[in-house]
Amino acid sequence: MSLAFSSDLMARTAPLYERVKSVIPSIEWPAFADDIDAILALKRERNAVILAHNYQTPEIFHCVADIVGDSLALAREAMKVDAGVILLAGVHFMAETAKLLNPAKRVLIPDLGAGCSLAASITAADVRLLRQRYPGVPVVTYVNTSAAVKAESDICCTSGNARRIVESLGVPKVIMLPDEYLAQNIAAETGVEIVTWAGHCEVHERFTARDIRQLRAGHPGIVVLAHPECPPEVVAESDFTGSTAAMIDYVGLERPARVVLVTECSMSDNVAVQHPGTEFIRPCNLCPHMKRITLPKIRHALETMRHEVTIDPDVAEPARRAVERMLEV
Ligand code: 13P
Ligand code: SF4
């Protein structure tokens, strides 16, 4: 890179660096600037928008994403996109959901290996067996599943609407798949009897009640916000439980002096940028799947238009119905 080009690039990307300078050291910025600049140009060239989950790293979340949010917001926003191409900076089930809701658009994911321990924990055949065992009991499926599993379900849910979805069914018993802890947490909130599946999020299952007690002892006055994929004992020790978007809203509304987000690591970085007045205590766990998405891979995906997400039409139709039913509630 010539010196003139390099200083030009730095000047062009300076306003973006301003956004993230509290979480990205200046020495690291030149390593990001070239990819960011190229991605912004490629988005225009390809008529593409980037949807990014709240767990994406700050240089993706704050510098190249057009729409950010939790799984529910990304599904809703995917339906409003005008552009012909959607690049999903997140994991595979999110890209599949965007494709289900936008069958005519090209949906790209920068790394096909960006999976999810929950989605990997259950197959469509498992759901069919459960239906046989519990005839007539409705199946509520977390969006963190493959399209094939969604296709076997009555309705989907996310962490942001799980309680509302279960209550909307108006029945005393539901099957809720595949996150055992989310299902237990929703059963405790609603009083509905829930048949669970032994799937876990590999990020949230590692937090313990002891971690929370130690945090409170070490940081007096700390406000503890936990994701509902955490074990019930962690939820019981926390001040608030909600989806990633609900945690962000909580910080924005309540403006706690000191907070811990009991969830994936990038959340605190992304939220801290917008709330310099709050101290974020940061024990966290990384999601290896979310972290497969990087700026160079996003750039490569837009250059090559790969990897395009496709869904078997026989699966797509019933899976779309389950997602649409959720969005109607
Ligand atoms: P939400 O952003 O919907 O709360 O989901 C968290 C998650 O683990 C997504 O992978
Ligand atoms: Fe799946 Fe957990 Fe990673 Fe989300 S954080 S993608 S639920 S493994």
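Helices here are DSSP runs of H or I with at least four residues, strands are E runs of at least two, and both are numbered from the N terminus.

A note on what I am reading: this is a predicted model, in which local features need pLDDT of at least 70 and side-chain atom pairs count only at pLDDT 80 or more, while totals for chains, interfaces and linings use all residues. Residues are numbered from 1 along each chain as its sequence is written, chains are lettered from A and ligands numbered from 1 in written order, and side-chain values use heavy atoms, without hydrogens and water.

**Around α5.** Nine of the ten residues of α5 are buried, so the helix is largely enclosed by the rest of the structure.

**Cavities.** I next asked how many cavities of 30 Å³ or more there are. The count comes to three. A cavity is a set of points on a 1 Å grid over the protein atoms alone where a 1.4 Å probe fits but cannot get out, and its lining residues have an atom within 4 Å of a point. Points are joined across faces, edges and corners, and the volume is the space filled by probe spheres set on them.

The second largest cavity has a volume of about 70 Å³. Its lining includes Leu-51, Phe-93, Met-94 and Val-143. I noted that α4 (71–78) and α5 (92–101) are the elements giving two or more residues to this lining.

The largest cavity comes to about 230 Å³. I found 24 residues lining it, with Tyr-55, Phe-93, Asn-144, Glu-229 and Met-290 nearest its centre.

**Ligand 2.** Where does ligand 2 sit? I found it in the largest cavity, meaning that more than half of its atoms lie within 2 Å of the grid points. Residues around ligand 2 include Tyr-55, Asn-144, Glu-229 and Cys-287 (a heavy atom within 4 Å).

**Thr-244.** My last stop was Thr-244 in helix α12 (residues 244–254). Thr-244 is buried, with a relative accessible area of 2%. Leaving out residues up to four places away in sequence, Thr-244 touches His-53, Asn-54, Tyr-55, Asp-70, His-227 and Met-267.

Terms used: On a 1 Å grid over the protein atoms alone, a cavity is a set of points where a 1.4 Å probe fits but cannot get out, and a pocket is an open set with protein on both sides within 12 Å along at least five of seven lines; lining residues have an atom within 4 Å of a point. Buried means under 20% relative accessible area, exposed over 50%, partly exposed in between (1.4 Å probe, protein chains only). Contact means heavy atoms within 4.5 Å.
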